[in-house]
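Dear colleague,

Please find below the structure I promised to pass on to you. My notes on it follow directly after.

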Amino acid sequence: ISACEKGGQWQRALDLFADLQRRRLEPDVITYSALISACEKGGQWQKALELFDELQKRGLEPNLITYNAMISAYDKGGQWEKALDLFDDLQRRPGAPEPDV
């Protein structure tokens, strides 16, 4: 999935993710972060948000990489207000590292 992200193949990354789920393998925060980043690079901010929400519904905790990818996806999609809201959310989290955006 990460290789697809680097190659700008966001749709292929989604296909691999679907295959992973069909095989009943559990994605972790690293998998979701790579997938959100692939969608970000492909200009698919809405899909990135869908994945960000799914990650949290599965009980996984987004990390700094996840937040950076999602903030960047919002930015590239012209959703600067949502990007700022998410940045604020990150800063309010207990023990959150300093963001590098």
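This is a predicted model: local features need pLDDT of at least 70, side-chain atom pairs count only at pLDDT 80 or more; totals for chains, interfaces and linings use all residues.

Leaving aside residues up to four places away in sequence, E40 touches A69, S72, A73 and K76.

**Helix α5**

Helix α5 covers residues 64-76, which makes 13 residues. From its first C-alpha to its last it reaches 18 Å, close to the 18 Å expected at 1.5 Å a residue. The buried residues of α5 are T66, Y67, A69, M70, I71, A73 and Y74. Their cover includes α3 (29-41), α4 (45-57) and α6 (80-92).

After α5 comes G78, which has a positive phi, near 75 degrees.

**The packing of α2 and α4**

Two packed helices are described by the angle between their axes and the distance between the axes. For helix α2 (residues 10-22) and α4, the angle is about 25 degrees and the axes lie 13 Å apart. Since angles under 35 degrees count as roughly parallel, α2 is roughly parallel to α4. The crossing of the two helices, α2 and α4, is left-handed. On the α2 side the contact involves L14, F17 and Q21, which meet K47, L51 and E54 in α4.

With kind regards

Key:
Residues are numbered from 1 along each chain as its sequence is written. Side-chain values use heavy atoms; hydrogens and water are left out. Helices (H or I, at least four residues) and strands (E, at least two) are DSSP runs, numbered from the N terminus. The expected span of a helix is 1.5 Å times one less than its number of residues. Buried means under 20% relative accessible area, exposed over 50%, partly exposed in between (1.4 Å probe, protein chains only). Contact means heavy atoms within 4.5 Å. Axes are lines fitted to C-alpha atoms, for helices over the stretch in contact, and angles run from 0 to 180 degrees between N-to-C directions. Angles under 35 degrees count as roughly parallel, over 145 as roughly antiparallel, 65 to 115 as roughly perpendicular and the rest as oblique. A crossing is left-handed if the near helix is turned anticlockwise from the far one by less than a right angle, and right-handed if clockwise.
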